[in-house]
Amino acid sequence: MHWACVPVRGSAAPLTPEASQIGHLDGYRVTDVLVQHAQRVAELPVSVPESQWELLIAEASPAACLNIGLTAFQAGLHGLSERAWRRAAEAGDTTAMDVLGVLLARQGEYEQARPWLERAAQAGNTPAVGHLGILLVGQGEEEQGRSLLKRAAEAGHSDAMAMLGMVLARQGEKEQGRLWLSAAEAGNSGIMTKLAAALIARGEHGQEPPWLERAVEAGDSDAMSLFGALLASQGEYERARPWLERAAEAGDSDAMAVLGVVRCAGQSG
């Protein structure tokens with residue numbers, strides 16, 4: 001550590017000690033020169049031992065754990081990202097509370113997810129307000145969820161706009177629902193797919209909804225699955241097959257099921 005803190009050629013040292021108060025060392029900052037070099041020439045190493053991740057999460061500041069968790073998540077290490085985000089969330093980071101809540105909800109741990117999203121939402125974190133609204137709607141608390149979705153949608157949260165639009169349409173307020181669903185115009189492929197699904201369900205589309213085509217062009221696997229299923233329902237098996245195959249390769253179980261039907265139809269034909 002002493003060697004790493006010595007300036008190279010009298011310029012910058014690899015590491016610089018940092019402290020928030022005299023007599024207490026918080027840690028070390030890596031020089032920007034090394035960080036920028038690493039970003040230019042290297043990708044995230046995939047062979048970092050889990051013990052090193054755990055040491056990093058335990059020793060880094062809670063503020064740093066937000067980005068450590070994000071990096072772990074991008075590497076597919078969701079258990080480690082949960083630990084890092086939990087540490088940051090426990091220190092009061094509302095963004096960490098939000099992403100931790102979303103991760104837990106995706107894992108089906110709704111009871112654990114809800115308190116984190118509630119804390120972040122109460123602190124004014126807009127994405128958390130939207131995610132809490134989505135969670136409540138999914139748990140059957142539609143009115144409370146709708147209120148939160150409206151708050152987040154009005155603040156510009158795209159997922160909240162999409163969910164609010166679907167809730168309103170389901171409750172009979174079709175025009176208001178359509179207005180919120182028009183957020184798909186902003187280019188969010190996930191919202192485009194939700195909008196296309198809603199239009200198809202209501203029968204308000206032509207041969208191929210333009211929203212869905214845009215989402216497919218954006219590479220959204222859910223959109224590919226929906227698009228392939230729509231083409232298959234119209235008997236266009238050859239056109240449907242490549243989209244269903246791409247979605248199935250991405251792990252979409254609905255696409256796998258429809259692809260099986262399409263293949264059987266092709267063999268019988």
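Let's start with the cysteines of this predicted model: the count of disulfides comes to zero. A disulfide is a covalent bond between the sulfur atoms of two cysteines. In this count, a pair of cysteine sulfur atoms would have to lie within 2.5 Å. C65 counts as buried because its relative accessibility is 0%, while C5, with 24%, counts as partly exposed.

Now turn to helix α8, which covers residues 142-154. Its 13 residues reach 18 Å from the first C-alpha to the last, close to the 18 Å expected at 1.5 Å a residue. Buried in α8 are G145, L148, L149, A152 and A153. Seen down the axis of α8, these buried residues fall within an arc of 135°, so they line one face of the helix. An α-helix has 3.6 residues a turn, so residues three or four places apart point the same way. On the face of α8 turned away from the buried side you will find the exposed residues E143 and E154.

Finally, visit the surface. M1, L25 and Y28 make a nonpolar patch of about 310 Å² there. Y28 belongs to strand β2, residues 27-30, and counts as partly exposed because its relative accessibility is 37%.

Terms used:
Residues are numbered from 1 along each chain as its sequence is written. This is a predicted model: local features need pLDDT of at least 70, side-chain atom pairs count only at pLDDT 80 or more; totals for chains, interfaces and linings use all residues. Side-chain values use heavy atoms; hydrogens and water are left out. Patches are made of residues with over 30% relative accessible area and no salt bridge: like charges are joined within 9 Å, nonpolar side chains (Val, Leu, Ile, Met, Phe, Trp, Tyr) within 5 Å. Accessible areas come from the Shrake-Rupley method with a 1.4 Å probe; for residues, only the protein chains shown count as cover. A salt bridge is a side-chain nitrogen of Lys or Arg within 4 Å of a carboxyl oxygen of Asp or Glu. Helices (H or I, at least four residues) and strands (E, at least two) are DSSP runs, numbered from the N terminus. Buried means under 20% relative accessible area, exposed over 50%, partly exposed in between (1.4 Å probe, protein chains only). The expected span of a helix is 1.5 Å times one less than its number of residues. The arc is that of the directions from the helix axis to the C-beta atoms.
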